[in-house]
Amino acid sequence: MASKNGVVFEDFFPSMVARLGTEGFMDELCNGFQLLVDGDKGVITFESLKRNSATVLGLKDMSDDELMSMLREGDLDGDGNLNQMEFCVLMFRLSPDLMKGSRSWLEEVGINE
């Protein structure tokens with residue numbers, strides 16, 4: 001998958017699930033959210049995403065429009081930010097292979113809780 005600027009995203013999520021298991025992968029998604037979150041607001045804002053996308057994600061070439069598109073894509077409640085649940089849902093949606101296996105992984109997590 002590539003952005004307008006030619007930044008290529010490789011989908012490592014399926015291999016992470018295979019290596020970490022479902023619960024370990026979900027923990028890693030939560031850790032990823034914490035790396036991008038605005039500490040004062042407790043959500044990922046445009047400003048926190050812009051500030052952290054280059055350093056944490058290595059996406060220094062992403063435009064403001066691309067960052068806003070990411071926020072809009074995941075913003076389910078319309079507040080212009082991403083809470084932890086919205087972030088995790090967005091990460092699943094951005095991984096076609098995860099979407100294929102998501103039902104079985106959700107069932108596995110549900111069984112374990």
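A salt bridge here is a side-chain nitrogen of Lys or Arg within 4 Å of a carboxyl oxygen of Asp or Glu. Keep in mind that this is a predicted model.

Q: By this rule, how many salt bridges does the count come to?
A: The count comes to 1 salt bridge.

Q: Why is the meeting of Lys 50 and Asp 64 called a salt bridge?
A: Their side chains come to 2.8 Å, N to O. The cut-off is within 4 Å, so the pair qualifies. Lys 50 sits in helix α2 and Asp 64 in helix α3, so the pair ties together parts that are 14 residues apart in sequence.

Q: What makes Lys 50 count as partly exposed?
A: Its relative accessibility is 40%. Buried means under 20% and exposed means over 50%, so Lys 50 lands in between. Asp 64, at 35%, counts as partly exposed too.

Q: How do you know that the buried residues of α3 are on the same side of the helix?
A: The buried residues of α3 are Glu 66, Leu 67, Leu 71 and Gly 74. They cover an arc of only 145 degrees around the axis, which puts them on the same side of α3. Over on the other side, Asp 65 and Arg 72 are exposed.

Q: What do the buried residues of α3 pack against?
A: They pack against α2 and α4.

Q: Which residues touch the most other members of the largest nonpolar core?
A: That core has 19 residues, and Leu 29, Ile 44, Leu 49, Leu 71 and Phe 87 touch the most other members. The elements giving two or more residues to this core are α1, α2, α3 and α4.

Terms used:
Residues numbered from 1 in each chain as written. Predicted model: local features only at pLDDT ≥ 70, side-chain atom pairs only at ≥ 80, totals over all residues. Heavy atoms only, no water. Core = buried A, V, L, I, M, F, W, Y, C linked by side-chain atoms within 4.5 Å. Buried < 20%, exposed > 50% of the residue type's maximum accessible area, 1.4 Å probe, protein only. Helix = DSSP H or I, 4+ residues; strand = E, 2+ residues; numbered from the N terminus. Arc of directions from axis to C-beta. Contact = heavy atoms within 4.5 Å.
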